[in-house]
Amino acid sequence: QVQLVESGGGLVQAGGSLRLSCAASRRTSSYTMGWFRQAPGKEREFVAAISWGGTSTRYADSVKGRFTISRDNAKNTMYLQMNSLKPEDTAVYYCAAGGSAWPTAPYDYWGQGTQVTVTS
């Protein structure tokens, strides 16, 4: 079992930046990890993912060029640097961990989420 805890959310004006962190309760260096988000009234959607070694990443088209996913396996922590934020990025952001198969591993563990609100 892996417990994931997100942090770093908050309120920011459009054009601003935030950095989300996802801390795992134990070693996650063999896991694919990802970020998802869910806006009010909408389904949860994929944001970004990173392979177990950090060498491969993928992003939703809506965040490409603005968001950067990274991980520090020595700290069992994953990050999401979010720049040029837009009001439509407002959502609860969740981190998730899955198997080692890239990029198709299902996500088995989920955090509780952190709120990101972007004002215009």
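Analyst: The protein chain has 11 strands and 0 helices, where helices (H or I, at least four residues) and strands (E, at least two) are DSSP runs numbered from the N terminus. This is a predicted model, in which local features need pLDDT of at least 70 and side-chain atom pairs count only at pLDDT 80 or more, while totals for chains, interfaces and linings use all residues. Residues are numbered from 1 along each chain as its sequence is written, and side-chain values use heavy atoms, with hydrogens and water left out.

Along its principal axes, the C-alpha trace spans about 40 × 25 × 25 Å. Of the 120 residues, 44% count as buried (buried is under 20% relative accessible area, exposed over 50%, partly exposed in between, with a 1.4 Å probe and protein chains only).

A search of the whole structure finds 5 aromatic pairs. Rings of Phe, Tyr and Trp (its six-membered ring) pair if their centres lie within 6.5 Å; planes under 30 degrees apart count as stacked, over 60 as edge-to-face and the rest as tilted. One of these pairs is formed by Tyr31 and Tyr109, edge-to-face at 6.0 Å centre to centre with 75° between the planes. Tyr31 belongs to the loop between β3 and β4 and Tyr109 to strand β10 (residues 107-110), so that the pair links parts of the chain 78 residues apart.

Phe36 and Tyr107 form another edge-to-face pair, with 5.1 Å centre to centre and 80° between the planes. Here strand β4 supplies Phe36 and strand β10 supplies Tyr107, 71 residues apart. Phe36 is buried at 10% relative accessibility, as is Tyr107 at 17%. Ring pairs also join Phe36 and Tyr107 with Phe46 and Trp110 in a cluster. Arg58 lies over the face of Phe46, at 4.4 Å from the ring centre; Arg19 lies over the face of Tyr79, at 4.0 Å. A charge sits over a ring if NZ of Lys or CZ of Arg is within 6 Å of the ring centre and within 35 degrees of the ring normal.

The largest nonpolar core has 29 residues, and Leu4, Trp35, Leu80, Met82 and Tyr93 have the most contacts inside it. Such a core is a set of buried Ala, Val, Leu, Ile, Met, Phe, Trp, Tyr and Cys residues joined through side-chain atoms within 4.5 Å. Leaving aside neighbours within four places in sequence, Tyr93 is in contact with residues including Trp35, Phe36, Phe67, Leu80 and Met82, contact meaning heavy atoms within 4.5 Å.

The structure also holds 1 disulfide, which joins Cys22 to Cys95 with an S to S distance of 2.1 Å (a disulfide is a pair of cysteine sulfur atoms within 2.5 Å). Cys22 lies in strand β3 (residues 18-24) and Cys95 in strand β9 (residues 91-98), so the pair ties together parts 73 residues apart in sequence. Cys22 is buried at 0% relative accessibility, and Cys95 is buried at 0%.
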